[in-house]
Amino acid sequence: MSIPEIKERMDKLIKELNQHNYSYYVLAQPVISDLEFDKKLEELSELEKQHPEFLDADSPTQKVGGDITKVFKTVKHKYPMLSLGNTYNEQDLKDFDERIRKAIGDDFEYVCELKFDGLSISLTYQDGKLLRAVTRGDGTKGDDVTKNVKTIRTIPRSLKGSGFVPEFEIRGEVFMHRPAFEKLNRERIENDEIPFANPRNFASGTLKMQDSAEVAKRPLDCFMYFLYTDKKLFNSHWESLTAVKNWGFHVCEHNVLCKNIEEVFEFIRLWQNKRFELSYDIDGIVIKVNSYAQQNELGFTAKSPRWAIAYKYKAQEVETVLEKVTYQVGRTGAVTPVANLKPVQLAGTTVKRATLHNANEIIRLDLHEKDTVLVEKGGEIIPKIIAVNAEKRKPGALKIIYPEICPECGSNLIRQEGEAVFYCPNDEGCPPQIVGKIQHFISRKAMNIEGLGSETIESFYRHGFLEHISDLYILHEKSDQLKQLDRFGERSINNMLEGIERSKQTPFEKVLFGLGIRYVGETVAKKIAAHFKNIDSIINASFEELTSVDEIGDRIAQSLLVYFKEPRHLEQIEKLRSHGLQFESEDIEIELKSNKLSDKTFIISGVFEKYSREELKEIIEINGGKILSSISSKLNYLVAGDNMGPAKLEKANKLGVPIISDEELLAMIL
Ligand code: AMP
Ligand code: ZN
């Protein structure tokens, strides 16, 4: 490479790596594997060594990575949260051991721990009580997520035992167990929400949620692995781990003390395969010099401690043959390609299928019929194809072409601008969509109709008894015909009809969720129902009124508008209403704390440091105030936080509505 080419290459690497860091830390949606990332980083740092003149302050080698999310309070770390040096091979570990022995002699021990694949958290305790929890952020400052962390059951709010100092910091890894992840992800898919790729993303997405009550519903766990005190309490890391366990912290039971690097290798080899038996994901092993005195002697580089290193396991990969690509049409019409593979053993399971996500993925892989593909199982439950072995491609093999028409009903597929997924627009006539929508409507989290299951819906649809959700409520008129179908006895038909009748009492928010509006999952439906109180207000709501509701963004609002513009949807709603379904929230009497805000009206907008919008709303309501859904001259106060939409601000200014802060609001009820 010529000098300008080298410079160009370095700039390119910096740009790419920074983008990947952003995807990883901020979006929690990595696009390349850790191994690929590390390879690029390695290449860059090698070039920087040879050409220090091109070293750039913006280079990812100069910082730990990460960024700070705006909605949480930023807190500076007392002790920076560094990264760990890491490697994928034994030789590097031998070199690491060699360097240590050169510096401190042969008399030392290692602690080996599993490298949990979650996100690191720093906890501060004061007088035995949890004071603060902060994410790693960019290493020097992170997000204050104390409220959310307090919902994690394995993190003690008050300590047990004795021997701790008045103030200390402890670090660990927050993660989600795989069974919980799988269950919650299934629910997301049912709710038409985008599933998380792996438990780590789910855990990090959860910790950054605004609504702590929602966080509490998602079981997180946390293993602790570093104790920081100003005053020396222990002589070694191992001692500190034992002590913090007695204070009530969760410490992983698989940690071991090793006398030398050989024992470390044994531990690494043991967990190479055994890791698949754990209920959580690990991506390697962390090796730390045990003695604190020796750790001090070894010190730090700018990025990481010299006394610790991470050994990372390579993601398991295997080659197999693509048998065919099939296309699944979901309830919303999304058409998902699935690779059907020649069955192969991988990471302890037999793999037969891999996800292809969407049309772009097929293009990215340049997939051909009967291709030999490399399949990887990383943190994801569903394996994915990482590459095609083009050398093994049969001559004349045809390219896989994503269909232009729906494989189920033949309609032309459409794709919204900026979206990767193709949809079949024929929601009225495409069988899997029709059946899927009714199945969703009766599901447990929606109408929860007893005596009626997914297969029955399919069978009723095939026999012409059901086409729309409202048809459920006239099934009783056809009970004699239903009894003619095999498999349905009189008892089960009656059971089902009773279940359908009872479902008329199902609360509005569940009915709304049951309609299956795109992006309106369970939580969103609840929020909208609570805010607008009845279906007519939702149908008539403007884009601005919709987006003024907590957690309702542009995408959801748009989807609601599109849905309610459609006459046949309104017709269904009318029919359901005439059958007696609930389209209004029952008014829950609020117990007032004071009348200080009575006759006053408010709108809350933007994000606040200390409170969620829901909390502020509650504060207003229990003091007698009223929340309006849109800015008008009737509005008394606009409570504004950060990042409020400019249109709202302008409107409020135009109408002369006083704009107040959350603090000013609180002052009103003092
Ligand atoms: P890396 O992100 O690859 O630089 O690795 C460093 C990260 O590994 C730390 O920031 C921790 O979040 C994580 N980690 C997981 N398990 C451990 C452990 N047992 N000890 C220290 N760090 C760990
Ligand atoms: Zn179709």
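This is a predicted model: local features need pLDDT of at least 70, side-chain atom pairs count only at pLDDT 80 or more; totals for chains, interfaces and linings use all residues.

Reader: Let's begin with the metal. Which protein atoms are the donors of the zinc ion (ligand 2)?

Author: To read a metal site, look for the atoms that hold the ion. Here they are the SG atoms of Cys406, Cys409, Cys424 and Cys430, at 2.2 to 2.4 Å from the zinc ion (ligand 2).

Reader: And what geometry does the site of the zinc ion have?

Author: Look at the angles among the donor atoms. For the zinc ion (ligand 2) the four donors make angles of 99 to 115°, and the site is tetrahedral. Four donors count as tetrahedral when all angles lie between 85 and 135 degrees. Along the sequence, the donor residues follow the spacing C-x2-C-x14-C-x5-C.

Reader: Where do Cys409 and Cys430 lie, and what does the pair tie together?

Author: Cys409 sits in the loop between strand E16 (384-388) and strand E17 (414-415), while Cys430 sits in the loop between strand E18 (422-423) and helix H12 (431-442), so the pair ties together parts 21 residues apart in sequence.

Reader: Which atoms of Glu113, Phe116 and Ser120 lie by ligand 1?

Author: Glu113 places a polar side-chain atom 2.8 Å from a nitrogen atom of ligand 1. Phe116 uses a backbone N or O atom, 3.1 Å from a nitrogen atom of the ligand. With Ser120, a polar side-chain atom lies 3.3 Å from an oxygen atom of ligand 1.

Reader: How much of ligand 1 does the protein bury?

Author: Compare the ligand alone with the ligand in place. Taken alone, ligand 1 exposes 490 Å², and the protein buries 91% of that.

Reader: Let me try a single residue. Is Ser236 buried or exposed?

Author: Start with place, then accessibility, then neighbours. Ser236 is in the loop between strand E8 (221-228) and helix H8 (237-246). Because its relative accessible area is 9%, and buried means under 20%, Ser236 counts as buried. Its side chain reaches the backbone nitrogen of Glu239 at 3.2 Å. Leaving aside neighbours within four places in sequence, Ser236 is in contact with Asn290, Ser291 and Tyr292.

Reader: What does the side chain of Arg178 reach?

Author: Follow the polar atoms. Arg178 belongs to helix H5 (residues 178-190), and a polar atom of its side chain lies 3.5 Å from the backbone oxygen of Tyr280. Beyond its neighbours within four places in sequence, the contacts of Arg178 are Pro199, Leu278, Ser279, Tyr280 and Asp281.

Reader: Where is Ile268, and which residues is it in contact with?

Author: Contacts can join residues that are apart in sequence. Ile268 is in helix H9 (residues 261-274) and is buried, with a relative accessible area of 1%. Setting aside neighbours within four places in sequence, Ile268 is in contact with Leu93, Ile285, Ile287, Tyr311 and Tyr313.

Reader: Last topic: what is the phi of Asp366, and of Asp599?

Author: Most residues other than glycine have a negative phi. Asp366 has a positive phi, near 50°, and Asp599 has one of about 70°. Asp366 lies in the loop between helix H11 (359-365) and strand E15 (372-377) and is partly exposed at 31% relative accessibility. Asp599 lies in the loop between helix H21 (567-578) and strand E19 (601-605) and is exposed, at 75%.

How values were computed:
Residues are numbered from 1 along each chain as its sequence is written. Chains are lettered from A and ligands numbered from 1 in the order in which they are written. Side-chain values use heavy atoms; hydrogens and water are left out. Helices (H or I, at least four residues) and strands (E, at least two) are DSSP runs, numbered from the N terminus. Buried means under 20% relative accessible area, exposed over 50%, partly exposed in between (1.4 Å probe, protein chains only). A polar contact is a pair of N or O atoms within 3.5 Å; within protein, one must be able to donate a hydrogen and the other to accept it, and residues adjacent in sequence count only if both atoms are side-chain atoms. Contact means heavy atoms within 4.5 Å. Donors are N, O and S atoms within 2.8 Å of the metal (3.2 Å for Na, K and Ca); water is not among the atoms, so sites may look incomplete. Four donors count as tetrahedral if all angles lie between 85 and 135 degrees; four count as square planar and six as octahedral if opposite donors are over 155 degrees apart and all others between 65 and 115; anything else is irregular. Accessible areas come from the Shrake-Rupley method with a 1.4 Å probe; for residues, only the protein chains shown count as cover.
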